[in-house]
Amino acid sequence: MEELKEKLFAKKENGWKTVDTRKKEEIFKVSEKYMEFLNKSKTEREFIKEARKLADENGFRDIIEFSTLKPGDKVYFVNREKSMYLAIIGEETIENGMHIIGSHVDSPRLDLKPNPLYEDTELAYFKTHYYGGIKKYQWTTIPLSIHGVIVKTNGEKIEINIGEKETDPIFTITDLLPHLADEQMNKKLKNGIDGEDLNLLIGSIPYTDTETEKISEKVKLNILNLLNQKYGITEADLTSAELELVPAFKARSLGFDESMVAAYGQDDKVCAYTSLLAMMELEKVKNTAVCILSDKEEIGSMGNTGMESHMFDFFISEILNKLQINRPNLLEKVFCFSKMLSSDVDAGFDPIYASVSDKINAGFIGKGISLNKYTGARGKSGASDANAEYVAWVRNVLEKNDIKYQIAELGKVDIGGGGTIAYILANKGVDVIDCGVPVLSMHAPYEVTSKFDIYSAYNTYKAFWKE
Ligand code: MN
Ligand code: MN
């Protein structure tokens with residue numbers, strides 16, 4: 001009986017049970033590198049900057065530098081410092097299709113409004129507009145850092161990163177004390193904090209000199225004076241800026257057994273980093289290997305750095321041009337024969353909130369890479385539903401490489417749903433399945449993943465490209 005069960009039942013095993021001491025060291029080493037990378041890459045611009053550095057160190061070059069391409073060439077294209085595509089040209093003709101892995105490097109956060117600075121009751125604030133799906137109450141009373149760029153009309157770009165170094169100040173959004181919060185506490189959780197109240201506290205000392213006795217807004221003046229001395233900017237320069245508030249915490253190992261990673265922005269930098277790392281370690285590939293690091297996924301993949309733009313088609317067209325094989329409709333043909341892992345995170349089953357998941361179809365942290373045949377909300381609405389033939393092909397790759405995986409859904413039928421960039425590539429004719437790391441507290445300032453799953457993602461992506 002035991003034997004028959006072993007043979008016939010699908011296995012969903014805790015990955016750690018299969019790990020010996022040597023393997024555990026290897027798993028921890030990959031997570032160590034991941035956490036180091038995360039600490040330098042909290043925003044899409046920072047991630048792309050670091051990714052480009054890594055690519056340069058590993059023999060990749062900007063596609064602009066190539067006049068022709070041949071198998072084995074390693075190229076990349078950086079789109080406006082916020083998204084990036086990398087490729088290794090395959091030994092086989094690209095007409096047989098590419099193997100694409102696509103993740104996103106933007107994460108939920110608070111952006112500064114175009115006119116952010118104001119003073120109220122001798123306190124200075126920055127007004128914000130949140131980016132992506134957040135639970136607003138989670139973003140008050142935590143240390144926040146400011147990252148991004150300010151661009152002056154003369155084109156000068158000032159890079160800002162304040163709140164990460166131990167010697168830097170941090171910023172925070174205040175919340176009401178419980179003693180006076182009776183009315184607030186009786187609101188629905190989602191209305192507890194208004195979007196317009198997510199204002200960042202940035203200063204409290206008024207500007208003083210004898211001539212300014214009569215002028216108003218002296219705290220604001222003092223802040224602008226400090227910014228002017230440090231960066232040479234005026235208030236108007238903040239309107240041509242992209243400044244993002246992100247949690248000032250560092251990525252850390254979690255638990256007595258240090259089996260997990262707690263960090264900001266793991267959706268989707270955990271898949272972005274593991275796929276990037278896997279690509280850096282590839283040499284020759286049969287099919288052209290492509291790595292997408294996209295932007296704007298959290299707000300619908302719009303804009304010219306989002307996956308909905310034609311920039312990716314442009315990159316692949318450039319490859320076809322430089323392979324000197326391009327002709328009408330070849331791009332469409334290449335897409336139709338391509339395969340893709342949409343590498344985005346999955347909701348990890350949380351026993352504290354078990355009621356939102358179907359335990360039989362949930363992704364669990366520590367059980368390996370999680371595949372979503374489809375995402376979509378309530379009745380698969382808006383989902384890219386992977387073909388059974390393709391799911392079987394992917395399963396075969398995973399099984400022959402001895403990689404632990406689980407096939408899951410994002411929450412219960414009437415509750416669940418989400419979206420990734422999968423449908424965008426599927427619309428071009430690519431075979432796509434969602435394939436990523438399960439996360440606890442997704443979209444919160446501090447998200448949790450399992451080191452086993454991080455390692456499993458890295459192995460999955462490497463095996464997919466080597467196939
Ligand atoms: Mn995501
Ligand atoms: Mn997300």
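Is histidine 104 buried or exposed? Histidine 104 counts as buried, because its relative accessibility is 1%, where buried means under 20% relative accessible area, exposed means over 50%, and partly exposed lies in between, with a 1.4 Å probe and protein chains only.

## About the model

This is a predicted model, in which local features need pLDDT of at least 70 and side-chain atom pairs count only at pLDDT 80 or more, while totals for chains, interfaces and linings use all residues. Residues are numbered from 1 along each chain as its sequence is written, chains are lettered from A and ligands numbered from 1 in the order in which they are written, and side-chain values use heavy atoms, with hydrogens and water left out.

Histidine 104, in strand β4 (residues 99-104), and aspartate 267, in helix α6 (residues 266-280), are 163 residues apart, and the pair links distant parts of the chain. Such helices (H or I, at least four residues) and strands (E, at least two) are DSSP runs numbered from the N terminus.

The manganese ion (ligand 2) is coordinated by Asp267 (OD), Glu298 (OE), Glu298 (OE) and His443 (NE2), at 2.1 to 2.6 Å. Glutamate 298 lies in the loop between β13 (289-294) and α7 (311-322), and histidine 443 in the loop between β19 (438-439) and β20 (447-450), 145 residues apart. Glutamate 298 counts as buried because its relative accessibility is 13%, and histidine 443 is also buried, with a relative accessible area of 18%. Aspartate 267 bridges the two ions, which lie 3.3 Å apart, and this aspartate is buried at 3% relative accessibility.

## Salt bridges

The structure holds 33 salt bridges, each being a side-chain nitrogen of Lys or Arg within 4 Å of a carboxyl oxygen of Asp or Glu. In one of them, lysine 82 pairs with glutamate 242, the closest N and O atoms being 3.0 Å apart. Lysine 82 lies in the loop between β2 (74-79) and β3 (83-88) and glutamate 242 in strand β10 (residues 241-247), so the pair ties together parts that are 160 residues apart in sequence. Lysine 82 is buried, with a relative accessible area of 9%, whereas glutamate 242 counts as partly exposed at 30%.

Another salt bridge joins the side chains of glutamate 156 and lysine 152 (3.3 Å, N to O). Salt bridges that share partners also connect Arg45, Glu81, Lys82, Lys157 and Glu242 in one network.

## Tyrosine 390

Tyrosine 390 is found in helix α9 (residues 388-400) and counts as buried, because its relative accessibility is 3%. Beyond its neighbours within four places in sequence, tyrosine 390 is in contact (heavy atoms within 4.5 Å) with residues including Lys339, Leu341, Asp431 and Phe464. The side chain of tyrosine 390 also reaches the backbone oxygen of methionine 340 at 2.9 Å.

Methods: Polar contact = N/O pair within 3.5 Å; in protein donor to acceptor, adjacent residues only side chain to side chain. Donors = N, O, S within 2.8 Å, 3.2 Å for Na, K, Ca; no water.
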